[in-house]
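Here is a colleague's note for someone who meets this structure for the first time. Please read the points with the model open beside the text.

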Amino acid sequence: MHAAVLHRLGGTPRYEAFPAPVAGEDEAVVTVTAAALKPSDRWMAAGVHYAPAEFPAVVGLDGVGRQDDGTRVAFFGLRPPYGGMAERTVVRRGVWLPVPDGVDDATAAAVLNPGGAAWKTVVVEGEARAGQTVLVDTATGASGRTFG
């Protein structure tokens, strides 16, 4: 398979062959169909945020793809050295969200990071529960639109 492979912190990832992932216990291999390039991915490659401990490593913290049964998922929580910017990656079982019909893969990949941040802020950190009303003060951005 091919992937965006990083050989050292601060280096530029290169499109090259990389060993295909094999799922271990409680993992699944996902065929990647879209992965957004976002600041956290650049920070990862620079060694600032979620930096790889070993090289070579595939860049990309999340993405969208298909499980072996064809189910479309938005995934995160990848097992190093596999990242989202590859033909296939390995994900901890259950660390994904279903992609609704009618949402294309590129859009799902683009909204995964800001949408996840918005959800975490409101639901996890803000402890919002069903039936509560929440004012989202960034309603024109990707994070705010998640709840709009």
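1. A residue is called buried here when its relative accessible area is under 20%, exposed when it is over 50%, and partly exposed in between, with a 1.4 Å probe and protein chains only. By that rule Arg72, at 14% relative accessibility, counts as buried, and buried residues make up 38% of the 148 residues in the protein chain.

2. This is a predicted model, in which local features need pLDDT of at least 70 and side-chain atom pairs count only at pLDDT 80 or more, while totals for chains, interfaces and linings use all residues. Residues are numbered from 1 along each chain as its sequence is written, and side-chain values use heavy atoms, with hydrogens and water left out.

3. The protein chain has 3 helices and 8 strands, where helices (H or I, at least four residues) and strands (E, at least two) are DSSP runs numbered from the N terminus. Read from that end, the elements follow the order β-β-β-α-β-β-β-β-β-α-α.

4. On overall dimensions, the C-alpha trace spans about 50 × 35 × 25 Å along its principal axes. The radius of gyration of the protein chain is 16 Å, which agrees with the value near 15 Å that a compact globule of 148 residues would have; this radius is taken over C-alpha atoms, and the globule rule is 2.2 Å times the number of residues to the power 0.38.

5. The largest nonpolar core has 9 residues in all, namely Ala28, Val30, Val32, Val73, Phe75, Leu78, Val91, Val95 and Trp96; such a core is a set of buried Ala, Val, Leu, Ile, Met, Phe, Trp, Tyr and Cys residues joined through side-chain atoms within 4.5 Å. Strand 3 and strand 6 are the elements that give two or more residues to this core, and strand 3 supplies its largest share, 3 residues.

6. Which residues does Trp96 touch, leaving aside its neighbours within four places in sequence? Trp96 is in contact (heavy atoms within 4.5 Å) with Ala28, Gln67, Val73, Ala74, Phe75, Phe76 and Val91.

7. A search of the whole structure finds 6 salt bridges, each a side-chain nitrogen of Lys or Arg within 4 Å of a carboxyl oxygen of Asp or Glu. In one of them Asp105 is paired with Arg72, the closest N and O atoms being 2.4 Å apart. Asp105 lies in helix 2 (residues 105–125) and Arg72 in strand 6, so the pair ties together parts that are 33 residues apart in sequence; Asp105, at 18% relative accessibility, counts as buried.

8. Another salt bridge joins Lys38 and Asp62, with the closest N and O atoms 3.0 Å apart. Lys38 sits in the loop between strand 3 and helix 1 (39–46) and Asp62 in strand 5 (residues 62–66), 24 residues apart, and both Lys38 and Asp62 are buried.

9. A search of the whole structure finds 1 aromatic pair, for which the rule is that rings of Phe, Tyr and Trp (its six-membered ring) have centres within 6.5 Å, planes under 30 degrees apart being stacked, over 60 edge-to-face and the rest tilted. The rings of Phe18 and Tyr82 have their centres 5.6 Å apart and their planes at 90 degrees, so the pair is edge-to-face. Phe18 is buried, with a relative accessible area of 9%, and Tyr82 is buried as well, at 11%.
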